[in-house]
Amino acid sequence: MAKGKRPKQLLLDDDAVLRGQPKRPRDPDQPRLSLDLMPDRIEPCLALLAKRVPTAGDWSFEIKWDGYRLAVHVEAGRVRILTRGGHDWTHRFAAIEAAAKALGPATMILDGEAVVLDDAGRSNFGMLQAALGGRGGKRVADEALFYAFDLLYFDGHDLRGMEQQERRQILENVIGDGGSVIRLSEEIEGDGAVILETVCEFGLEGIIAKDRRAPYRSGRKGDWLKLKCIQSDSFVVVGFEPSTKVTGAISRLLLAARQGDELVYVGGVGTGFTDKMARDLRKQLSAMPAKVPPVTLKRKNAIFCEPAFVAEITYTEITSDGKLRHPSFKGLRELVDNVDVFELKK
């Protein structure tokens with residue numbers, strides 16, 4: 001400022017008293033910036049299985065992660081990590097909890113996937129299950145990373161009504177370059193069909209396509225689409241066959257799909273688990289014998305259990321007689337966690 005000059009707002013007589021502008025009454029028609037209470041829980045937006053990559057419309061593409069869907073609630077003084085079914089698993093993901101605390105002091109709800117990566121950088125559900133020590137939370141999965149792909153609430157504002165591309169921009173600013181534990185699920189630019197082909201060549205599970213213009217809607221509304229490289233679905237575990245080679249182990253898991261209100265046997269799976277996993281599975285399933293067989297099946301060595309668990313299975317096809325072809329076991333989930341069980345058409 002030049003010597004002897006004053007800013008325009010201070011062009012007063014030397015002996016004048018400086019006063020601020022008098023307060024004006026608020027115009028009742030002026031919009032207010034509302035603060036939204038953080039939801040205790042939000043039902044997740046789910047991806048609809050699609051056979052073809054969408055071409056019409058404005059879509060973004062991301063890798064389909066193979067892990068546990070989680071919502072990370074960063075609140076004042078604490079972090080809560082909820083599963084898709086609403087179970088509090090904060091104690092099972094201590095490293096993610098610590099990383100989430102470092103994102104504060106802003107409040108937020110991150111939507112994403114907890115994964116464990118193999119040596120090639122691919123998410124591996126079996127390795128995640130091993131890190132967690134199986135069912136019951138006996139281990140803390142310090143190896144797990146969290147890939148955030150949506151932001152539902154931030155700094156006192158519910159973002160679900162915003163377009164996906166707007167939420168994404170805020171998420172990128174919040175996560176930034178990311179850290180060693182909480183990372184941004186990157187959008188992949190390019191033609192969706194080419195992206196899917198490339199992802200499949202790398203041995204990944206598939207991609208997720210998201211409508212950039214859509215708000216965040218709970219449930220399976222078609223705003224998100226999943227495109228898979230291989231067949232991978234969830235089937236109810238209805239029993240097992242004991243192993244004749246490994247003491248205290250199973251040889252096969254017996255699986256069922258839904259058909260209306262009933263469970264229908266679709267075959268067994270005997271590959272994809274180690275001897276230790278086979279023993280652990282027999283111990284878990286033997287502890288909950290079925291009072292009534294969950295499916296109609298006549299096999300001398302079949303031991304039925306209550307249908308409380310769901311097995312993640314890869315396979316090539318379902319045959320004309322309704323059986324899984326070339327199935328392989330990936331891991332076990334709990335039915336109560338709102339898992340999508342494969343549905344057979346009537």
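**Group meeting: strands, cores and spaces in a predicted model**

I'll start with strand β11, residues 231–242: 10 of its 12 residues are buried, so the strand is largely enclosed by the rest of the structure. Buried here means under 20% relative accessible area, with exposed over 50% and partly exposed in between, using a 1.4 Å probe and protein chains only. Strands are DSSP runs of E of at least two residues, helices are runs of H or I of at least four, and both are numbered from the N terminus.

A word on the source: this is a predicted model, in which local features need pLDDT of at least 70 and side-chain atom pairs count only at pLDDT 80 or more, while totals for chains, interfaces and linings use all residues. Residues are numbered from 1 along each chain as its sequence is written, and side-chain values use heavy atoms, with hydrogens and water left out.

Back to β11. Which strands pair with β11 in the antiparallel sense over six bridges? One is β15, residues 309–315, where Val310 is the bridge partner of Val236. Another is β12, residues 250–259, where Ile250 stands opposite Pro242. β14, residues 303–304, also runs antiparallel to β11, joined by two bridges; there Phe304 is the partner of Gly239. Two strands count as paired if DSSP finds at least two bridges between them.

Next, an open sheet. Its four strands are ordered β1-β10-β9-β2, with mixed pairing. β1 (48–49) and β2 (59–63) are at the edges and have a single partner strand each, so one side of each lacks a neighbour in the sheet. β1 runs parallel to β10, residues 224–228, through two bridges, and Leu49 has Lys226 as its bridge partner.

Lys226 comes up again in the largest pocket. The volume of that pocket is about 1400 Å³. It is lined by 47 residues, and those closest to its centre are Lys226, Lys228, Ser232, Asp233 and Asp340. Elements giving two or more residues to the lining include β1, β2, β10, β11 and β15. By class, the lining has 21 nonpolar, six polar and 20 charged residues. Ala, Val, Leu, Ile, Met, Phe, Trp, Tyr, Cys and Pro count as nonpolar, Asp, Glu, Lys and Arg as charged, and the others, Gly among them, as polar.

On a 1 Å grid over the protein atoms alone, a cavity is a set of points where a 1.4 Å probe fits but cannot get out; a pocket is an open set with protein on both sides within 12 Å along at least five of seven lines; lining residues have an atom within 4 Å of a point. Points are joined across faces, edges and corners, and volume is the space filled by probe spheres set on them.

Last, the cores, meaning buried Ala, Val, Leu, Ile, Met, Phe, Trp, Tyr and Cys residues joined through side-chain atoms within 4.5 Å. The largest has 30 residues, with Val72, Phe93 and Ile96 among those with the most contacts inside it. A second, separate core of 25 residues includes Leu255, Leu281, Cys305 and Phe309.
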